[in-house]
Amino acid sequence: MDQPHAVLVASPGLGHLIPILELGNRLSSVLKIHVTILAVTSGSSPIETEAIRAAVARGTCEVRELPSIDIDHSPDATVPTKIIEMMRATKTKTAVQDAVKSMNRKPTVMIVDIFGTGLMSIADDIGVNATYVYVPSHAWFLAVVVYTPVLDRVVEGEYTDIKEPMKIPGCRPVGPDELMETMLDRSNPQYRECMRCCMEIPMSHGVLVNTWEELQGNTLSALTEDGELSRVMKAPVYGIGPIVRSSGPTEKADNILEWLDKQPDKSVVFVCLGSGGTLSLEQTMELAYGLDLSGQRFLWVLRRPTSYLGASSTDDDQVSAGLPEGFLDRTRGMGLVVTQWAPQVEILSHGSIGGFLSHCGWSSVLESLTKGVPIVAWPLYAEQWMNATLLTEDIGVAVRTSELPSKRVIGREEVATLVRKIMVEEDEEGQKVRAKAEEVRASSERAWAQGGSSYRSLFEWAKQCRLVS
């Protein structure tokens, strides 16, 4: 009998590619099924190419890179709009259909990400029995996404003009400062494109979401048990998290790990705002002063400030020029500033790391929580604003800035206070956050132990779509 076969389709962008690669690895290694990943890449990212190369070398999945499709986007098209348009063009140009039809072993199940929901309509054409959506975020995000078409019908004007948080049945309400970027302007074409995706998710045979029962049991229940939200959701929901990146090669980062080896346990705050996390020159300066003022050791992965227009000879020169005069000399021994790629999973796994100042992308959040590392929430865009609220007010593993960093410059004193709170302060809040982070780490391990909630949920899904008996 042929080994069961699932095909996964990844949208362009590292933040969409890596979650699909890691999901494929988990399905292959736990369910012992054949997995093929079709990666729709941007065509110009060496980081995407490296991620695919590493996944191929791991050997758990077959990975095929689909050629990027040139599209004449409107000049003001946002990134989400461009990605959705690319995925719909992939369907029109039959790239996915052709790839599947060329396979010797035909898949019976297709999984797409949230930007690829338009591909579900090709299921009959390529001969798959069931289509699923993978949401590599949390259950509250999924709840807001699938309930947005209801809000679209009942809310007049812009969501941002509403003073009271909008109610999501059975879940935490969503306020103006937690709205996803795609919801901020209902006249923008990206809102309509994303609305189509929101309406297509319940048309799937089910949704896999990167969270787990102990972390978000109430929200998962609202999505799955009989009630208003589950009637909107329609499709079954499976909490199968945490699925995070495994450790990879670190040869390019020996200097970072050697420096960490010399630091005391839990003494270093790791500062990294993601692959797209750039700050203004003024905010970079204040963050630097704040790290210095905190008196804590730090490892800072620094991008060139957005407003720095110097014509230095190298990127490193430009980055350094965005720091306060004398900062590197003054913090020598206490801090390490790096401008190259840094192995985030390995860094967060290191015993010297005691805190993480993060943009709150969900992948980064899970990489931190599965290691028991508390967070300073510094959300920048997309769903990161709601992630920050979830981490601070619901789960209790983070502290956050008094206002969104996208709305004003966060001053050095506030930076120093937040860093000290998760690293050393013995006040009640700091102690609770550190203790909760350790508690969540333990629950994440329980979720994937044999018989744990996510382990059971994955096998329940696999039986439903007949990947296992």
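Glu286 is located in helix H11 (residues 281-294), where helices (H or I, at least four residues) and strands (E, at least two) are DSSP runs numbered from the N terminus. The model is a predicted one, in which local features need pLDDT of at least 70 and side-chain atom pairs count only at pLDDT 80 or more, while totals for chains, interfaces and linings use all residues. Residues are numbered from 1 along each chain as its sequence is written, and side-chain values use heavy atoms, with hydrogens and water left out.

**Exercise 1.** Determine whether Glu286 is buried or exposed, and find the side chain with which its own side chain makes a polar contact.

*Solution.* Begin with accessibility: the relative accessible area of Glu286 is 14%, and this residue counts as buried because the term covers values under 20%, with exposed meaning over 50% and partly exposed lying in between (1.4 Å probe, protein chains only). Next, list the contacts (heavy atoms within 4.5 Å): leaving aside neighbours within four places in sequence, Glu286 touches Val409, Ile410, Gly411, Arg412 and Val415. Finally, the side chain of Glu286 makes a polar contact with the side chain of Arg412 at 2.7 Å; such a contact is a pair of N or O atoms within 3.5 Å, of which, within protein, one must be able to donate a hydrogen and the other to accept it, and residues adjacent in sequence count only if both atoms are side-chain atoms.

**Exercise 2.** Describe how helix H6 (residues 139-154) and helix H7 (residues 189-200) cross, and say which residues meet.

*Solution.* First, the axes of H6 and H7 come within 8 Å and cross at roughly 115 degrees, the axes being lines fitted to C-alpha atoms, for helices over the stretch in contact, and the angles running from 0 to 180 degrees between N-to-C directions. Second, Val145, Val146, Thr148, Pro149 and Asp152 in H6 meet Tyr191, Arg192, Met195, Cys198 and Met199 in H7.

**Exercise 3.** Work out the order of the open sheet of six strands.

*Solution.* The order is E10-E9-E8-E11-E12-E13, with parallel pairing, and the edge strands, each pairing on one side only, are strand E10 (335-338) and strand E13 (398-400). Within this sheet, strand E8 (residues 268-272) and strand E9 (residues 297-301) pair in the parallel sense over five bridges, and Leu299 in E9 is the bridge partner of Phe270. To finish, helix H16 (residues 384-395) lies across strand E12 (375-377) and E13, running at about 125 degrees to E13.

How values were computed: Pairing = 2+ DSSP bridges.
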